[in-house]
Amino acid sequence: MLNSSFQASQEEIKHAEDLLQFIKTSPSPFHAVQSVKEHLGPLGFKELKFEDKWVILPKGKYIVSRNGSALIAIVLGESSPEKAGFHILGTHTDSPTFRLKPSPIIPVEGKYVKLNVETYGGPILNTWLDRPLALAGRVVLKGRSPYHPQSVLFQSPSPLLTIPNLAIHLNHKVNEGFELNKQKDLLPLLGMLGEGLEKENVLVNHFSELLQVAPEEIIDFDMVLFEYENGSIIGLNQDFISSSRLDDLAMVQAGTWALAQTESNQVTSILACFDNEEVGSTSKQGAASPLLASVLERIMLALGKNREEYYQALAQSFMISADMAHALHPNAVEKHDPVNKPVLNGGPVIKLSANQSYTSDAESTAIFRGICEEAQVPVQIFVNRSDERGGSTIGPISTTHLDIRSVDVGNSLLGMHSIRELGGVKDHLAMSKVFKQFFMD
């Protein structure tokens, strides 16, 4: 008999459906930032520019973005930050995928056209085979000067690509384990020669037609592949969320939902959505950059505070680094710690590592447990097996730049970095409620 305590409510299912819609509109980091802006803009969030002098007011709501792929949203508190601190929720907008290389068109035997791509992050490669794929990202156009080009978003309106598998008849050992070569085996098929695909600039013409701009106006593009099929809710009792990019758009959407419901209180609430976490965060829009520290300091300066008060504010602050966690796998129980085994729909997961791959310690773990208790949400713990090396995330990277208490958390997933990840319906609303409580405290 199935455990009825895990059965999702209509509220939980609706919240999961909202997540799937958010993911659908966010096929690239650029689109994810745009999705957050579209959710928060109508609620009174004013966009700030780095090149402008900031004029901000207590209880004000603001957004600032970097590169179009990272964003920080702010709800200023009634109390000065040096007295009440910042409550910071850190997430990331990127996911493992493939990125188009320059001059990507590759003809094959005078018959096919495929695209030259490189792997971004650490995807489970074979999950990308034989699926309808599409392109998304930004196209850069000529602007008023060479230093001020214009960027526009692009998303394929229909399936455009596929990475075909090699038939078992031609690869008899495929089911015994076959290593895919990233340069040879993972180039997506675009179409047949003789269908207007003869020219090197076929993609530029494609972008030109859909964006309704002249081809000569297009200078360059940042374009990634994404799974065209939408996510879905599955399971006998609608238990699971099956979708691309749950890592980490689930946390981005949960944080956006929580901040959207946050009215000003004593503390200043901040949602930080970084890019490039999957490749080490070492970019101007990544967590290893000065982005967050610069925004916090500019908030203090705009409020008439000095550097001493900035450091006082950091001492009063707390950060939740929210990425995803590994759930107990039903077919690989032995891969997990013998004691700490988080499961889907068991609630938010605190991630710990003796090697400091995560920022959680006894104090920050106790704080997060307290927030979950206030939100009436259960908590789980994840640690790796002692003989398995785990991943890391934005928490340790951010705290090397900011002297601030921090905890690493996430909702549990099966198939992390697969093109199709599996999460729990109940977990998503649970974590969203925790973020809401965090911003309210």
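**Exercise 1. Cavities**

Task: How many cavities of 30 Å³ or more does the count come to?

Solution. Step 1: the count comes to two cavities of 30 Å³ or more. A cavity here is a set of points, on a 1 Å grid over the protein atoms alone, where a 1.4 Å probe fits but cannot get out. Grid points are joined across faces, edges and corners, and a volume is the space filled by probe spheres set on the points.

A word on the model before we go on: it is predicted, so local features need pLDDT of at least 70 and side-chain atom pairs count only at pLDDT 80 or more, while totals for chains, interfaces and linings use all residues. Residues are numbered from 1 along each chain as its sequence is written, and side-chain values use heavy atoms, leaving out hydrogens and water.

Step 2: the largest cavity has a volume of about 60 Å³. Its lining (residues with an atom within 4 Å of a point) includes Leu19, Met324, Asp427 and His428. Two or more lining residues come from each of helix 5 (246-260), strand 19 (412-414), strand 20 (421-424) and helix 10. Helices (H or I, at least four residues) and strands (E, at least two) are DSSP runs, numbered from the N terminus.

Step 3: sort that lining by class, and you get six nonpolar, five polar and one charged residues. Ala, Val, Leu, Ile, Met, Phe, Trp, Tyr, Cys and Pro count as nonpolar, Asp, Glu, Lys and Arg as charged, and the others, Gly among them, as polar.

Step 4: the second largest cavity has a volume of about 50 Å³. Phe274, Ala287, Ser289, Leu292, Ala293, Ser398, His401 and Leu402 line it, and by class they give five nonpolar, three polar and no charged residues.

**Exercise 2. Two partners of helix 10**

Task: At what angle do the axes of helix 1 and helix 10 cross?

Solution. Step 1: the axes of helix 1 (residues 10-24) and helix 10 (residues 425-440) cross at roughly 85° and come within 8 Å. Axes are lines fitted to C-alpha atoms, for helices over the stretch in contact, and angles run from 0 to 180 degrees between N-to-C directions.

Step 2: helix 1 is therefore roughly perpendicular to helix 10. Angles under 35 degrees count as roughly parallel, over 145 as roughly antiparallel, 65 to 115 as roughly perpendicular and the rest as oblique.

Step 3: look for the contact (heavy atoms within 4.5 Å). Glu11, Glu12, Ile13, His15, Ala16 and Leu19 of helix 1 meet Val425, Lys426, His428, Leu429, Ser432 and Lys433 of helix 10. These divide into five nonpolar, three polar and four charged residues.

Step 4: now turn to helix 8 (residues 362-375), which packs against helix 10 at about 105° with the axes 9 Å apart. Helix 8 and helix 10 are therefore roughly perpendicular to each other. Among the contact residues are Phe368 and Ile371 of helix 8 and Met431 and Val434 of helix 10. The classes are seven nonpolar, one polar and two charged.

**Exercise 3. The largest pocket**

Task: Which element gives the most to the lining of the largest pocket?

Solution. Step 1: the largest pocket holds about 730 Å³ of space. A pocket is an open set with protein on both sides within 12 Å along at least five of seven lines.

Step 2: of its 23 lining residues, Ser65, Asn67, Gly68, Arg138 and Ser151 are the closest to the centre.

Step 3: helix 2 gives the most to this lining, with four residues. By class, the lining of the largest pocket has eight nonpolar, seven polar and eight charged residues.
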